[in-house]
Structure formats: C-alpha cells, structure tokens
Amino acid sequence: MPQPYGLLAEVTHQCPLHCVYCSNPLELRGRQDELTTDDWLRVIREAAGLGVVQVHFSGGEPLVRGDLETLVAECRRLGLYTNLITSGLGLTENRARTLVSAGLNSAQLSIQGDAAESTDLVAASKRFDKKQDAARIIREAGLPLNMNVVLHRMNLPRLDAIIDVCVSWGAERLELANAQYYGWALRNRDQLLPTKAQLDEAVDVYERRKAELAQHMELLWILPDYYEPYPKPCMGGWAQTALTVAPDGVVYPCPVAAEITTMEFSSVRDHHLEWIWSSSAAFEAYRGTEWMADPCRSCPRKELDFGGCRCQAFALTGDAGRTDPVCMHSPDHHLIQDALVRANEPDGAASGELVREELVYRRPSMSARR
Ligand code: SF4
Ligand code: FES
C-alpha cells in the first residue's frame, strides 16, 4: 500500500475571487457544510498517523477561516510542514504574524496576470493592489514568497511582464501553470485554450527568463497537456501520493475528483482517514495498473503516466476508467484534437476577441444553472 505524503486541506470554498479556471468543483460547498475546527484537528492527526508530512491549506480562500492558526499549530505540534495557498486577499500584517507564530512554513500567492485589468477579467476582482500588499506582507513575515499564475490564451502573450511583476515583488519561486481543463476551466475552454503559436512563443520566453533569473528566482513550467502527445502522470497515479479533504469532509485522491459523479467518495465524518485511503472502493478503483483496459494495458508507458488523468477522462468521455483522451493512442483523442482545431482557427468562435460575457465565472449559484 502506498503512503500519502501530502494532504490538501480545502478548508472552505468561500472566496472573494471568481476565477474562470478555478479547480474547485462546479457544485461549491456552502459554509454550513464545512467541517468544524475539531473535525479538522482530528483529520490532521489522522493524516499524520497515515504518514503525511506536508499539509497545504487551500480553498477557496483559506484565510476566510478564523481557525487557521489553530490548525497550523496542530500541524507544528505533529511535526508537519505547512503551506498556505492564498489569493492574498484578507492577508494583513497581523494575520501573517499570528500564522507564522503558529508555525506556518511557507505561502504560495496566486496572481492572474501583471495588472489590475487581468485580475478583473479572470477573477472579477479589481484588487490587484491587495496582491502586491500580500507579497510584501509574506516577505516581511519572514516566509519564502512562492507565486503561481495560471496561463491561458488571455495572459500568455504577457508572460514577460508577469515574470517582471514577480521579480519586482521578491518571489523566490514562480509556478507557470498552464491551465488544465476540468470543471470551471472546461466550461471556459474555448476562451482559455491558447493557440500553438502563443504557446511556442511563451516557451521561448520561459526558457530565456529561466536562464536569466537562475540566480534569483526558480521558474517552473507546468505543461499544457492538450498539446502533448502523452498525458501527464496525474497525481503520480490515482491514490498514490496525496489526498484532498474537501470543506465538507469528503476525501478525494485529487482536488478535482469531486467532478467524477459516477463514483462514491467517503467522508471523514463517517470513516477514519486510514480506512478511506487504504480500503475505500473509490481509492482502490484506479490504484496501480490492474484496472486498465487497452490501449494502456499493453502499453510500455503505463508505469510512466498511469494512463493519464482520471478526472480528465471522466470530464471528456463520462468514463473515468478510459485512457486519458490527451494520449495519441486513445480512441477518444479526437476530442482533444477538435478543441485544438477550434483554438487555432483564425475566425472561429474560440479565437475571436475575448468577450467578457462569454466567460462563466466561479460562483456558488453555478450548480443551479447547470
Ligand atoms: Fe499512457 Fe495509456 Fe497512452 Fe500508453 S496508452 S501512453 S499508458 S495513456
Ligand atoms: Fe484528478 Fe487528474 S485531476 S486524477
């Protein structure tokens, strides 16, 4: 049985932003469904018992929870490394101080682009200034500043300027995460999927800046899998290295699996985390390679990419057990190719000037409109 080393604690789905590529499920959990402080303390203890060594506090916006310091302190007591994944909105000097005193080890600040306009377009928020404040607060609190930006057709042409912003704010590490298309991002795929030319130019920028900044900032490039011949080894394989606990206590092998509506996932309200990890049907379903059908079953790459992403297979085909359609050998690969053809058409709907009204912003009421 593999041992998880990371816990993604999605302590809330509440968030001041409305990003069009949010990794949260379309069915957002309300505040009334959230685990209590005592529930989370138990989850953290059970995770430590299971072998977890890193806890990433995420959301939504985790700063919305007033008990974050209590949870971080419990992690410190248990010797777990803690990371705060934040939009920066709501981070004050005082909050940073209390979190660091509780034992917070690092913070990752997300931006949507290099200016207020891009934040407004992608996240329906004008608070770019708050992100700059948050970067300063994180550094003044003595934490390393890690930054993250999701890349897509609206901001890829601004990559140089985005990197400049992160350098000027003092980031030590910048994750350039090309958008992955599930959930909200899949809803907005026609507006987000870049052209091949945009991507090629961005790769040049990334390589040039990575070399230039080698002594100052680490640059990471998360591959845009639609343009790859083989899928990514998502999560290092299903239920191999990490688990996600959603705000309502339901446990998933990855942050997106809540979208797989054909599977039943268990809750920490009903079961010990150890049982969910090692014995629940959902975690067992795609662990290892035994579950695979062809073409994966007889493919020499099956131990390298594990058949790709289960969430992507479900999102595109309705069957989480199929080969990830990104794979050139998948019988469903045309689903990817069709999207790429549309993205690269000079006059297609996907390539027109972005119209804000066409974007579907992350909002709690989305489920009612499905
Ligand atoms: Fe990976 Fe399956 Fe494609 Fe082989 S056939 S490369 S194992 S996704
Ligand atoms: Fe869930 Fe890939 S995002 S398995």
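First, conventions. Residues are numbered from 1 along each chain as its sequence is written, and chains are lettered from A and ligands numbered from 1 in the order in which they are written. Since the model is predicted, local features need pLDDT of at least 70 and side-chain atom pairs count only at pLDDT 80 or more, while totals for chains, interfaces and linings use all residues. Helices (H or I, at least four residues) and strands (E, at least two) are DSSP runs, numbered from the N terminus.

Let me start with the helices. Two packed helices are described by the angle between their axes and the distance between the axes. Axes here are lines fitted to C-alpha atoms, for helices over the stretch in contact, and angles run from 0 to 180 degrees between N-to-C directions.

Helix α1, residues 37–50, packs on α2 at an angle of about 20 degrees, and the axes are 10 Å apart. α1 is therefore roughly parallel to α2; the term covers angles under 35 degrees, with over 145 counted as roughly antiparallel, 65 to 115 as roughly perpendicular and the rest as oblique. The crossing of α1 and α2 is right-handed, that is, the near helix is turned clockwise from the far one by less than a right angle, anticlockwise being left-handed. On the α1 side the contact uses Thr-37, Trp-40, Leu-41 and Ile-44, and on the α2 side Thr-70, Leu-71, Glu-74 and Cys-75. Contact means C-beta atoms, placed from the backbone, within 7 Å. By class, this contact has five nonpolar, two polar and one charged residues. Ala, Val, Leu, Ile, Met, Phe, Trp, Tyr, Cys and Pro count as nonpolar, Asp, Glu, Lys and Arg as charged, and the others, Gly among them, as polar.

Helix α2, residues 68–77, also packs with α3, residues 93–102: their axes come within 8 Å and cross at roughly 25 degrees. α2 and α3 are therefore roughly parallel as well, and their crossing is right-handed. Leu-68, Glu-69, Val-72, Ala-73 and Arg-76 of α2 meet Thr-98, Leu-99 and Ala-102 of α3. That contact has five nonpolar, one polar and two charged residues.

Next, ligand 1. Which residues come nearest to ligand 1? Of the 14 around it, they are Cys-296, Cys-299, Arg-301, Lys-302 and Cys-327; a residue is near if its C-beta atom, placed from the backbone, lies within 6 Å. The shell divides into six nonpolar, four polar and four charged residues.

Now Ala-313, in helix α13, residues 310–317. Ala-313 counts as buried because it has 26 C-beta neighbours inside 10 Å; the cut-off for buried is 20 or more other C-beta atoms within 10 Å, with 12 or fewer for exposed and partly exposed in between. Beyond four places in sequence, its contacts include Asp-319, Arg-322 and Pro-325.

Last, the backbone. Most residues other than glycine have a negative phi, and most peptide bonds are trans. Met-235 has a positive phi, near 60 degrees, and Ala-239 has one of about 55 degrees. Met-235 is buried, with 22 other C-beta atoms within 10 Å, and Ala-239 is buried with 27. Cis peptide bonds join Gly-59 to Gly-60, with omega about 15 degrees, and Asp-294 to Pro-295, with omega near 15 degrees.

Definitions and conventions
Contact = placed C-beta atoms within 7 Å.
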